[in-house]
Amino acid sequence: MKESIQILQACEDVQESRLVFGTWGNVSMILEDGNIIITPSGIPYDELREEDLVVCDRDGKVICGKQQPSSELKMHVAIYNTRQDVKAVVHTHSLYASIASSAFREVPLLTEDAAMVLGGKIEITNYKSPGTQGLADETVRCLRDVNAAIIANHGQVGVGPTLEDAIFAAVMCEKSCELYTKALSVSKNPRFLEDEEISDLRKIYVEHYRKLRDFKE
Ligand SMILES: [Zn+2]
């Protein structure tokens, strides 16, 4: 199945991007039939094999696979069932997102690249226990129509129409958290992008990006 290969490749990419530590974090995508393929619980990324991946329906019921699906399956299901534009989800415990997840209530955007990829400032959930429906609902609420959210005292999630986009969103979320943390340490009054500026930048990115993608196809 070509999607299994894409998921395994995505696991390698998130490790190389230093977005994950150990077995924490998980990756999923929507299959052509609408079901969800997701990484299993508790297997280190570099030991993952195609047969370890799990396929679930849109209610989170396991259809295929010998392993337990990721413990954050409820969150992946909730995102797909709310955001029709999202076909891939990457959840990580990256360093600066984890700092932001306990230090701030939201992360404003400082740079145009993050505005283009994420499409809005990054909101942080209220604290909910890992693996619960409460965490899933909070994550969906904070995502709105933006491509990343931070999960309180836990980590972050990046989403997108492809796995590549979801990883890029997670990378931009991590970068934004690092920039915000460091900007606050050198300036009392850093300039953040306004909502209107962010939506203008996002519009430019979507129009330009789609054109590039159409050209490639
Ligand atoms: Zn987690």
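In which strand does Glu 106 have its place? The legends below refer to a predicted model, and the opening view takes up this residue.

View 1. The place of Glu 106 is in strand 6, which spans residues 106-107. Because 12 other C-beta atoms lie within 10 Å of its own, and a residue with 12 or fewer is classed as exposed, Glu 106 is exposed. Once its neighbours within four places in sequence are left aside, Glu 106 is in contact with Lys 121, Ile 122, Glu 123 and Ile 124. The C-alpha atoms of Glu 106 and Asp 195 are separated by 14 Å, the two residues being 89 residues apart along the chain.

**View 2. The packing of helix 3 on helix 6.** Helix 3 (residues 95-103) and helix 6 (residues 163-186) pack with their axes 7 Å apart and at an angle of about 60 degrees, and the two helices are therefore oblique to each other. The crossing in which helix 3 passes helix 6 is left-handed. Helix 3 contributes Tyr 96, Ala 97, Ile 99 and Ala 100 to the contact, while helix 6 contributes Cys 173, Glu 174, Cys 177, Glu 178, Tyr 180 and Thr 181. By residue class, this contact of helix 3 with helix 6 divides into seven nonpolar, one polar and two charged residues.

**View 3. The largest nonpolar core and the contacts of Ala 148.** The largest nonpolar core has 61 residues, and those with the most contacts inside it are Leu 118, Ala 148 and Ala 169. Helix 6 supplies the largest share of this core, namely eleven residues. In soluble globular proteins, nonpolar side chains tend to be buried together. Leaving aside the neighbours within four places in sequence, the residues in contact with Ala 148 are Leu 118, Ile 122, Gln 156, Val 157, Gly 158, Ala 169, Ala 170, Met 172 and Cys 173.

**View 4. Helix 2 and the elements that cover it.** Helix 2 (residues 73-82) is mostly covered, with seven of its ten residues buried; these are Leu 73, Met 75, His 76, Val 77, Ala 78, Ile 79 and Tyr 80. The elements against which the buried residues of helix 2 pack are strand 1 (26-30), strand 2 (36-38), strand 3 (54-56), strand 5 (88-92), helix 5 (133-143) and strand 9 (155-160).

**View 5. The crossing of helix 2 and helix 5.** The axes of helix 2 and helix 5 cross at roughly 40 degrees and come within 8 Å, which makes helix 2 oblique to helix 5. Helix 2 passes helix 5 in a crossing that is right-handed. On the side of helix 2 the contact is made by Lys 74, Met 75, Ala 78, Ile 79 and Thr 82, and on the side of helix 5 by Gln 133, Leu 135, Ala 136, Asp 137, Thr 139, Val 140 and Leu 143. Seven nonpolar, three polar and two charged residues make up the contact of helix 2 with helix 5.

View 6. Most residues other than glycine have a negative phi. Arg 144, although not a glycine, has a positive phi of about 45 degrees, and its place is in the loop between helix 5 and strand 8 (148-151). Asn 153, found in the loop between strand 8 and strand 9, likewise has a positive phi, near 50 degrees. Arg 144 counts as partly exposed, with 13 C-beta neighbours inside 10 Å, and Asn 153 also counts as partly exposed, with 13 C-beta neighbours inside 10 Å.

Methods. Residues are numbered from 1 along each chain as its sequence is written. This is a predicted model: local features need pLDDT of at least 70, side-chain atom pairs count only at pLDDT 80 or more; totals for chains, interfaces and linings use all residues. Axes are lines fitted to C-alpha atoms, for helices over the stretch in contact, and angles run from 0 to 180 degrees between N-to-C directions. Helices (H or I, at least four residues) and strands (E, at least two) are DSSP runs, numbered from the N terminus. Angles under 35 degrees count as roughly parallel, over 145 as roughly antiparallel, 65 to 115 as roughly perpendicular and the rest as oblique. A crossing is left-handed if the near helix is turned anticlockwise from the far one by less than a right angle, and right-handed if clockwise. Two residues are in contact if their C-beta atoms, placed from the backbone, lie within 7 Å. Ala, Val, Leu, Ile, Met, Phe, Trp, Tyr, Cys and Pro count as nonpolar, Asp, Glu, Lys and Arg as charged, and the others, Gly among them, as polar. A nonpolar core is a set of buried Ala, Val, Leu, Ile, Met, Phe, Trp, Tyr and Cys residues joined through C-beta atoms within 7 Å. A residue is buried if 20 or more other C-beta atoms lie within 10 Å of its own, exposed if 12 or fewer, and partly exposed in between; C-beta atoms are placed from the backbone.
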